[in-house]
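Here is a short tour of one protein model. Keep the sequence and the 3D view at hand while reading.

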Amino acid sequence: MTVRLKKQVIDILKVLQQKNKELDASDLARELNIDYIVLMSAVNDLKDVGLADFREEEVNQISLNEEGLSYLKKGLPERQLLQILLKNDIKEISIKEFVEKSPLPKPLFFVGLSNMKKNRWVAESKATGETKIFVIAEEFPETPLEKFLKNFEKKPTINYQDLNQEEKNLVDTLNKRKLVNKLKKTRRMIFLTEKGKAINIKDIKELKQVSKITSDMIIRGTWKEYELKPFNVTIPGPSLKAGKTHPLINLINEIREVFLSMGFTEIRGPIVESAFFNFDALFQPQDHPARELHDTFYLNNPKTAKLPSRDRVLAVKTTHENGGDSGSLGWQYEWSEEIAKKTLLRTHTTATTIRRLAQFYERNEKKPVKVFSVDRVFRNEKVDKSHLAEFTQIEGIVIDDNVTLCDLIGLLSEFYRKLGFKKIVTRPGFFPYTEPSMEVSVYFDKLGEWLEMGGSGIFRPEVTYPWGIKEPTRVLAWGQGLERIAMLYYDRNDIRDFYINPIKWLRNQAYIK
Ligand code: PHE
């Protein structure tokens, strides 16, 4: 039977045949400059076809410790001391003077000196009364210990078992001088079997790797010549350009989740709204500048809107004219039903929450009522990187007894906290329909800035009385911009991106949030 092996395995077999002896696996891996794992897997391939094998044995691995390594560079203390004498042409010196000249700490100096004597480089004598060192040798060739030390330059570790007796003695000396570390290790010795020694490399066929087997390979039977490459399941696949929900919708859904988790239910109202619900019911006088054409998109078709029941229309009318029973003097002008019937694209979703107040009145509902809306509004604004003519508002109200500004701040904080904004701040603000009114800003960590998010407040009696909502029942209300949050969320600095749909950016968005 022909033997088939991968090219790399054949190469390793060649090396084993050339060396013709047992080899230490880690030495061989280092020599061939391949990974130990790769080498062992090749050896296992050889083992499978009966050409090679390995055995394990315990060895004592010797390496130099920090001090030993420093001597490898600078020379042993005895050599360092000798250099001082030779450099200064000193033939005799008192110990005292020698210590002073030496850069070595005292204990090391004496280690060095005693080895100098052992090497018969110097002798000590008290003949003159003072202890003196005399240089007695003429030449100072490398000692066996120094020669052996140099082995560590080529290989950081040496196996004790591989050494001859003389070398073992030298390791013992280094060990006594506390210059080495010893580590017990299991090593693998690779060897060829008789079959492996005898086989002719030319008779071995190369096993090619393929990633798939074709029907042709099966029919011809050539599939046996190939090895299937393992699949790498960590490589990212081609990106899918399938449809997905728009990031803005994802954010809206997340906001819905936040409101729902806080016990709110969703409401929706018409985009084509009456001036009545958009302005009049919010106690905005009919000559209010915001109603003017440059801000509001008025409609010709339908020309007029249907108003609620007569008595409610009258209640709003009287509030405007003289405050009605709200305790206010009103705006002191003649209110026109014609103007209230005008149709427009709603400029804020507060119109929708007022419709909810109307429903609360008509159905004589129980408190509390907690509702929200996330919906489109329209304003005749010049479009630029921070303004849109149509955008989305996040609106909410709570109808309940004795609710206060503190409850409102608590709700807003909780809402933004759930969206990931830890800090919010409220400042006094003004809206014709709330008193008190607050502007809400959140802290955006990434920019290190406070960003204004919208308005809030407690609806004025002029707004709530026409719908039968009187002290101690109050309505907390807020309206915030969605695109503002979206810009922070998705790191876009042009608000128009959410509507012109930059395809590259959209493709990079996650499918599911
Ligand atoms: N309607 C206001 C706006 O469009 C926001 C707001 C809602 C303010 C409710 C107070 C209360 O900016």
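Five bridges join strand β17 (residues 424-428) to β18, and the two run antiparallel. This is a predicted model: local features need pLDDT of at least 70, side-chain atom pairs count only at pLDDT 80 or more, and totals for chains, interfaces and linings use all residues. Residues are numbered from 1 along each chain as its sequence is written, and side-chain values use heavy atoms, with hydrogens and water left out.

Strands (E, at least two residues) and helices (H or I, at least four) are DSSP runs, numbered from the N terminus. Two strands pair if DSSP finds at least two bridges between them. β17 and β18 form a hairpin, with five residues between them. Across this pair, V425 stands opposite S441 in β18.

β18 also pairs with strand β19 (residues 449-459), antiparallel, through nine bridges. Here V442 faces L451 in β19. The hairpin of β18 and β19 has four residues between the strands, and G448 takes a positive phi near 65 degrees in it.

How many of the 11 residues of β18 are buried? Eight are, so strand β18 (residues 434-444) is mostly covered. Buried means under 20% relative accessible area, exposed over 50%, and partly exposed in between (1.4 Å probe, protein chains only).

**A three-strand sheet**

Another sheet is open and has three strands, in the order β4-β6-β5, with antiparallel pairing. β4 (92-94) and β5 (122-125) stand at the edges with a single partner strand each, so one side of each has no neighbour in the sheet. From one strand to the next, the twist averages 25 degrees. Angles run from 0 to 180 degrees between N-to-C directions, and axes are lines fitted to C-alpha atoms, for helices over the stretch in contact.

Four bridges join β5 to strand β6 (residues 132-135) in the antiparallel sense. E124 stands opposite I133 in β6. Helix α7 (residues 106-118) lies across β5 and β6, at about 110 degrees to β5.

**Two crossing helices**

The axes of helix α13 (residues 247-261) and helix α20 (residues 482-490) come within 10 Å and cross at roughly 110 degrees. That makes α13 roughly perpendicular to α20, a term for angles of 65 to 115 degrees. Contact means heavy atoms within 4.5 Å. Residues including L248, L251 and I255 in α13 meet residues of α20, among them L482, I485 and Y489. The contact residues divide into 10 nonpolar, one polar and two charged. Ala, Val, Leu, Ile, Met, Phe, Trp, Tyr, Cys and Pro count as nonpolar, Asp, Glu, Lys and Arg as charged, and the others, Gly among them, as polar.

**Aromatic pairs**

The structure holds 22 aromatic pairs. Rings of Phe, Tyr and Trp (its six-membered ring) pair if their centres lie within 6.5 Å; planes over 60 degrees apart count as edge-to-face, under 30 as stacked and the rest as tilted. Two edge-to-face pairs are listed here.

| Pair | Centre to centre | Angle between planes |
|---|---|---|
| Y416 and F421 | 6.1 Å | 75 degrees |
| Y443 and W450 | 5.1 Å | 65 degrees |

Y416 and F421 are both buried. W450 is partly exposed, with a relative accessible area of 40%. Ring pairs also link F259, F264, F372, F415, Y416, F421, F444 and W478 into a cluster.

E166 and P144 are 22 residues apart in sequence, and their C-alpha atoms are 9.4 Å apart in space.

Notes
Parallel < 35°, antiparallel > 145°, perpendicular 65-115°, else oblique.
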